[in-house]
Structures are given as C-alpha cells and as structure tokens.
Amino acid sequence: MIVCAPTGAGKTLIAEYAVERALAAGERVIYTAPIKALSNQKFRDFTARFPGRTGILTGDVSIRPEAPLVIMTTEIYRNRLLEDPDRTFAQTIIFDEIHYLSDQERGTVWEESLIFTPPGARILCLSATIPNLDPFHGWLRALRDEPVRAVATDVRPVPLRQFLFLKGIGAVSWEAVGRGFSHIPERIGRNAATVRLLREVADKGHLPCLHFAFSRRRCEDVAQTAAQVAPVDPGRARALSRLYRRLVRRYDLGDHAEAVRMGRLVERGAAYHHAGLLPSLKEIVERCFTTGALPWLAATETFAMGINMPAATVIFDEVTRYNGVSVEFLSPRDYQQMSGRAGRRGMDTEGHVWVQVDPRDADPAPLRRALLGPPEPIVSRLNLGYATLLELRQRHGEAAEEVIGRSFAVFCHHTGKGGSRPDPWRAEMAARTRVLRELGYLQGESLTPKALFALRVSGH
C-alpha cells in the first residue's frame, strides 16, 4: 500500500494500525526510517504503546533487535536483507519517507530494499510528496506481482499562511517574488533581521517556533539570539530547567560541556539540534520540544524528515544552502517538507511560515520555483556499484541481470518508451562486471575469496 498525504494528515495512524494488526496476529514488523532522529522517536512512541515488544537498530543504538517490532534505518534494513534475508524476514515492512528513493546520495538504498524484500511480505510506503504517483504505483505492482493500493490526498488538515521577510524592510507580499527586490532601499545585517523576525513571531504569540538553519554554527547562533530576544517567563523557565535536568541525569550527561551549555539555553526557552550533537543530547532536545514547553528550536533540515514534532510557526533562515559542492536553492520538495511542520493538528487553526530573503542575493526566478513550484517527481537512483553487483552475483548467479531489470528506472524506460531501444543499464552492468573479472573478484560466474572478503567489508 502507498499512502501519500501532506504532513499532519494522519499517515502515521495507518502505520500504527498496520503494526497493531500484525502484532496481534503474532507476526513480525520492521519499520524503516531515513534518519536516526525519526527512528528514535518511533522507538519511543511504539515502546510506550507496545512495551517489551519494540526494538531499535541504528548505527548508534541496538536495543532488542530480535523483537517482534523493530525500528531501523533503511540502510541497516538493506544490509541485513542482503546478508541474511531469512533472519531479516518480516510479514510487514513500513517504509517511512519513501520519496527518499529519489535522493541523489542515498536513494539506491530505498530502491534496493524494495527490490530485495522477499515475496510474501506486506509493504506500506508513506510519503508527503509523490507527484508521479501513477508510475511509482505501477512499478510497485509489477515488482511485487500482487495488488498494491494507492491512497493520496493534497488537503492539509491545518492550512498554512506563508510570509516573506525581507532583510532590510520586513514582511512583504508574495507578489514581490515576481517583481524582484531592486526597489528596496534599506538593508540591514543578517542578525539584526533575525532579531526583528523573532520579535514579531513572539509578539504575535505564534509559538512554539521551529527555525531551520543550514549549518551547525548558524543553528547555535539562532538559538542564542532567540534566548536573548524572547526568553520565557520565570515560571516556565523553572519547569523547563527541571525537565531538562531530569533527562540529563537519565542519560548521564551531567558533566558534559555541551549538555551544560545547552541547559543554559533551554532554561531561557531555546535549543538547537544538528548532527554534531551527541545522540543522547539530541534525544533530550527532541523530548523537550515534543512536550510543547520549549518555544524556540533551531535545527538543520533533517529535523523535518518525518519527525512528528510540529510547531505553530516555521522560519527559514534562508532559501539557499551549501550541498557540499555549491550553493543552491532549496528544492520545492524540501521546502514543502520543512514548511509542513507548521500548524499543530487539533491546536492551531492555521500554521505560519516565514521565509527570510536577502535581496542582495535573491534571484526571483529560482526563488519562485523553490517556494511556489510543484515538488519534483521521484526518479530512480539505483547505483550499479561493484558491491551491489557482487551481492547480486552471490545470491542470484546469472539471474542477477534480471534483478537489476526490476528497477524503477527500467520500468519507466519500458513503459515510457516502449522498450524498443537497448536498456542503458545493461551496458553499465556489463562494463563493471568486466572490471570485476579483470581484478580477480569473479571467476566464471563464481565469487572468489577476495570478493567474499570485500562483501563483508562493505556490509559492515
């Protein structure tokens, strides 16, 4: 089953029902997630609901990995599936954030996981954005060779109000995106603009607020600014401090310098969350924000990936980020994923999204595409890496080519072009197989001891 609905529309409820039904029947469930923060949250939620029957397996944590319900990152599921498919088998597999299949770096993991999941397992795929749902649905039906139902809606339970905040002038209409910003005379610094925006959000009472910034240092700077500009009242500060100290004692972080520094921010109503924090400290911050007591949280974009921690307001510190090679605008999917955190179901009549824009480097055309354009379709990122080819040869022998032929890319190639031209993946697979033979990893159709050693290194 594929469920595609906006953030906050209730996709999690369907997953919870699938888990409850499977466990009641004595079956095993694997819940995969793209990031550790989401895995940790699901583990907490399901442990509260199914105590003693929930486990977790990530790169940082292993708790009851053989439990009836196991939460794991998708990479670990893929690796375990290839290494020991019988031991990994579960009757129900839930793929949260299935649109990650289109991720440039990690998408191949999702696609391989779907391809290699054994027949007989029920699959539930969840996503907020699948523009090309029909071809993806068709591929999954063909891949599983069984009926697959798709359910989709674009209705948000909590509508969003979106605002542009130009550094140097304040709030402007969205029509300004089309006109450009050369007419704006006043310009102020980045921090001064952030102070003005934070005060405006605080004065309107649109809290809690999730502020997305795209570097670790900037997250910390924003949290410091929020703590100084709009600190909480003394009563709330004491309650936050008690909650934080209790969690710090539980995780034995009382003497850790970062935990002490974070504590000073938390008691003033602010915190930050990024990959540079200790996993246990990240979980403490997540728990503080989940309670609704923490009004300000600065976080990198991974915090938006499926974590059920909505806020009344979302702020974008900027609309560009460094991708490791160059600075680029946010994609429409990323923008919608992050802005979708605004608006708490059952608590807010509407969510508020503020987008900070610096007129000095805002090109109206790509800005308009990022903020107003449709999300990108899912595309195949299956990487015919050498490790993948060796795994396929080991498990399927000469039939490895047929397995690759089941990819989303090949499906789209045939359905979109009739399959009359040669498949491009065949030439790539043949070339890489020749390299493996020349380097002594393959002898005939069999893997050499060198290849078996390489697979163990890759798997672990």
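1. Eight strands make up an open, mixed sheet, ordered β4-β3-β5-β2-β6-β7-β1-β8. Strands here are DSSP E runs of at least two residues, helices are H or I runs of at least four, and both are numbered from the N terminus; two strands pair if DSSP finds at least two bridges between them. At the edges sit β4 (62-63) and β8 (150-152), each pairing on one side only.

2. Keep in mind that this is a predicted model: local features need pLDDT of at least 70, side-chain atom pairs count only at pLDDT 80 or more, and totals for chains, interfaces and linings use all residues. Residues are numbered from 1 along each chain as its sequence is written, and side-chain values use heavy atoms, with hydrogens and water left out.

3. β3 (residues 54-57) joins β4 in the antiparallel sense through two bridges, with Leu-57 opposite Ser-62 of β4.

4. Now the helices. α1 (residues 11-24) packs on the sheet and touches β1 (2-4), β2 (29-33), β5 (69-73), β6 (92-95) and β7 (122-127), where contact means heavy atoms within 4.5 Å. α6 (residues 133-144) lies across β1, β7 and β8.

5. The largest nonpolar core has 62 residues, and Leu-210, Tyr-244, Met-262, Phe-316 and Val-355 touch the most other members. (Such a core is a set of buried Ala, Val, Leu, Ile, Met, Phe, Trp, Tyr and Cys residues joined through side-chain atoms within 4.5 Å; buried means under 20% relative accessible area with a 1.4 Å probe, protein chains only.) Helix α10 (residues 234-250) gives the largest share, six residues.

6. A second, separate core has 54 residues, including Ile-30 and Leu-392.

Conventions:
Axes are lines fitted to C-alpha atoms, for helices over the stretch in contact, and angles run from 0 to 180 degrees between N-to-C directions. Buried means under 20% relative accessible area, exposed over 50%, partly exposed in between (1.4 Å probe, protein chains only).
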